Amino acid sequence: ATYPRSSNRFFVFDPDDRTVLHQNDLDRQFPTQQGPQVFHRTPDGRLFVVFADGTISEIDTDSFEFNDVAKIPEEERETVRNGGVIHDGRVYFPTNTRLLSWEIQ
């Protein structure tokens with residue numbers, strides 16, 4: 001199947017078997033720039049994603065469920081357009097005008 005560039009399809013691919021292990025459509029968008037940098041793995045193996053609406057979710061790597069753990073407050077909401085990084089226990093990510101961070105719990 002072919003999906004548009006702005007697709008909100010999430011899929012998990014096994015490069016060894018060359019098979020798609022999981023796929024589903026999400027009700028929100030990933031940032032549009034630096035796509036590979038929207039997924040963030042902690043040193044202990046946890047996996048987080050930052051969505052364009054400012055929601056940070058932890059991905060359960062067994063079930064591929066997204067569990068929301070934080071969100072930019074509504075009154076400060078700006079679109080997250082780029083990926084980010086994990087550094088010293090925090091997820092850092094840029095919005096239109098600011099660099100924000102969230103301390104991993």
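Which residue stands opposite Val-50 in β5? Ile-56 does, and the close-ups below, all taken from a predicted model, show where that pair sits.

**View 1. Here's the pairing of β4 with β5.** β4 covers residues 47-50, while β5 takes in residues 55-59. The two strands pair in the antiparallel sense, with 4 bridges between them. Look for Val-50 and Ile-56 facing each other across this pair.

**View 2. Zoom out to the sheet of 4 strands.** The sheet is open, and its strands come in the order β3-β4-β5-β6, paired antiparallel. At the edges you'll find β3 and β6 (66-71), and each of them pairs on one side only. From one strand to the next, the twist averages 30°.

**View 3. Now for Gly-45, out in a loop.** This glycine belongs to the loop between β3 (39-41) and β4 (47-50). Is Gly-45 buried, exposed or partly exposed? Its relative accessible area is 31%, so Gly-45 counts as partly exposed, since that label falls between under 20% for buried and over 50% for exposed. Thr-61 is 16 residues away along the chain, and its C-alpha atom lies 9.4 Å from that of Gly-45.

**View 4. Over to the sheet of 3 strands.** This open sheet runs β7-β8-β9, again with antiparallel pairing. β7 (85-87) and β9 (99-103) have a single partner strand each, so one side of each is left with no neighbour in the sheet. The average twist between one strand and the next is 30°.

**View 5. Last stop: β7 beside β8.** These antiparallel strands are joined by 3 bridges, with β8 spanning residues 90-94. Spot Ile-86, which stands opposite Val-91 in β8.

Note on methods. Residues numbered from 1 in each chain as written. Predicted model: local features only at pLDDT ≥ 70, side-chain atom pairs only at ≥ 80, totals over all residues. Heavy atoms only, no water. Pairing = 2+ DSSP bridges. Axes fitted to C-alpha atoms, helices over the stretch in contact; angles between N-to-C directions. Buried < 20%, exposed > 50% of the residue type's maximum accessible area, 1.4 Å probe, protein only.
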